[in-house]
Amino acid sequence: MIERIKRSELKNRVWEMKNMGYRLVTMSSVDTGEDIEYIYHFDKDLNMVNFAISVPHGESPESISEIYGSALLVENEIQDHFGVSFTGLALDFKGSFFLEDEVQKAPFCAMSIKRQESNAEGNE
Amino acid sequence: MAPTVIPFGPQHPVLPEPLHLQITVVDEVVSEVLPKLGFVHRGLENLVLKRDIHQMVQVVERVCGICSCIHAHTYCMAIEELMDVQVPPRADYLRIIWGELHRMHSHLLWLGLLADAFGFESLFMQCWKIREKVMDIQEATSGNRVIVSVNVVGGVRRELTPEQCTWILETLEEVEKELLEIKQVFIDDFSVQKRTRGVGILSREEAYESGAVGPTLRGSGVAQDVRQSGYGAYSELDFEPVTEPDGDSYSRAKVRFREVLQSIDLVRQGISRLPQGESRVKVKGWPEGEAISRTEQPRGELMYYIKADGSKHLERMRIRTPTFANIPGMLKMLPGVDLANVPVAVLSIDPCISCTER
């Protein structure tokens with residue numbers, strides 16, 4: 001039901017879904033201990049396609065917000081909850097989309113969040 | 001005129017719940033919008049680590065009061081799939097009867113709020129007056145007005161007697177009659193159209209592209225409704241998705257208005273075909289594996305992802321609520337809207353913030 005794919009295949013697979021007219025339903029993320037698993041859920045005519053990548057703790061997953069603009073909300077949510085940083089995120093709230101700036105721990109993950117200094121205007 | 005940044009919310013007369021939008025306007029016309037969430041974030045998904053799978057039914061009902069029944073239904077569907085539990089046919093029907101009652105009262109609540117947002121106080125009160133009859137049905141059949149708490153893993157824990165079914169049908173006849181009386185106002189009235197037509201336009205392509213769901217998607221002409229997938233008893237009921245083509249706030253209001261009438265019809269069908277027999281099976285053991293379940297809430301598609309490891313606690317529960325999916329669409333529809341119309345456009349997606357933030 002959920003296909004596990006390589007991390008390097010992600011962008012191509014997401015582009016494929018986009019070109020076939022699939023809608024991004026959402027993303028889910030699970031802390032498996034060693035890795036964080038990111039599951040991508042798509043839908044077309046009520047048929048779902050789900051695939052997942054695993055990314056080790058401390059490494060940054062790639063954002064798909066350049067392909068599906070609506071992904072930026074869920075990616076920001078995952079940043080808040082799991083203390084990770086997506087690369088290439090179209091609008092980056094840097095861990096304060098849901099949470100306040102003073103929060104130092106990711107609720108869904110044993111890791112602590114290290115706040116990054118904003119390097120883009122208007123993204124603080 | 002230079003761009004001006006205006007904070008919209010988190011406390012705003014038109015919003016029943018806190019949502020903050022940073023709106024940039026040029027000459028009182030919106031040019032850009034940035035959302036900020038987190039005012040009612042409760043971390044309910046994380047409670048799976050502390051509550052067992054049966055207790056979690058009560059937790060998910062509290063993700064959102066207005067569509068609590070459908071949250072519990074969706075969660076139970078996922079657990080039942082993992083545990084290979086076959087729910088009795090009667091429970092499938094009872095679940096959709098209470099679910100459609102929820103859709104009715106949610107839409108009537110929203111129609112009233114919309115009327116209030118554009119300053120039509122008597123219409124607001126008429127909608128809520130009609131809604132009370134639906135609330136009475138929920139209270140009489142479940143003991144609660146809003147959080148009916150009928151679903152359990154394995155079926156439902158309340159029954160409908162033949163006398164209650166007759167009374168529900170009689171009450172819904174009154175609801176339908178009163179609704180049709182205000183239809184002329186909601187659909188044809190000049191002032192309603194003046195405040196909603198052409199406000200917050202979301203084209204068919206934009207709606208689909210942004211991942212919009214429910215009446216927000218169907219109000220842009222896309223005929224997609226998760227109930228078509230036939231979960232529960234829907235595969236045995238006759239209905240078509242309600243759509244409107246224009247993609248504005250008026251279209252979204254018309255979709256919801258027509259969906260109340262559709263829900264009345266679905267409850268009638270459900271009661272007329274209600275099978276006899278058990279409404280609950282005993283569930284033993286704990287789930288293991290991954291499951292995804294989807295249902296159609298009043299605001300649109302609801303999705304649960306569940307991961308279980310065979311213990312009494314789930315490993316992970318992820319909830320994607322419809323408002324979360326409709327926010328990108330809302331951000332697309334707002335640029336170009338007059339500042340004075342922003343409350344109507346925001347309200348037109350029926351935002352549920354406690355759902356969105358969980």
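Tutor: Residues are numbered from 1 along each chain as its sequence is written, and chains are lettered from A in the order in which they are written. The model is predicted, so local features need pLDDT of at least 70, side-chain atom pairs count only at pLDDT 80 or more, and totals for chains, interfaces and linings use all residues, while side-chain values use heavy atoms, leaving out hydrogens and water.

Student: Why is the pair Arg294(B) and Asp43(A) called a salt bridge?

Tutor: A salt bridge needs a side-chain nitrogen of Lys or Arg within 4 Å of a carboxyl oxygen of Asp or Glu. Here N and O are 2.8 Å apart, so the pair meets the rule.

Student: What makes Asp43(A) count as buried?

Tutor: Buried means under 20% relative accessible area, exposed over 50%, and partly exposed in between (1.4 Å probe, protein chains only). Asp43(A) has 0%, so it counts as buried.

Student: Why is Glu159(B) called partly exposed?

Tutor: Its relative accessible area is 34%, so Glu159(B) falls in the partly exposed class. Glu159(B) forms a salt bridge with Arg90(B) at 2.8 Å, and Arg90(B), at 7%, is buried.

Student: How do you know that Arg218(B) and Asp225(B) form a salt bridge?

Tutor: Their closest N and O atoms are 3.7 Å apart, so the pair passes the cut-off. Both belong to one network that also includes Glu100(B) and Arg103(B).

Student: How many salt bridges cross between chain A and chain B?

Tutor: The rule finds six, and one of them joins Arg358(B) to Glu77(A) at 2.6 Å.
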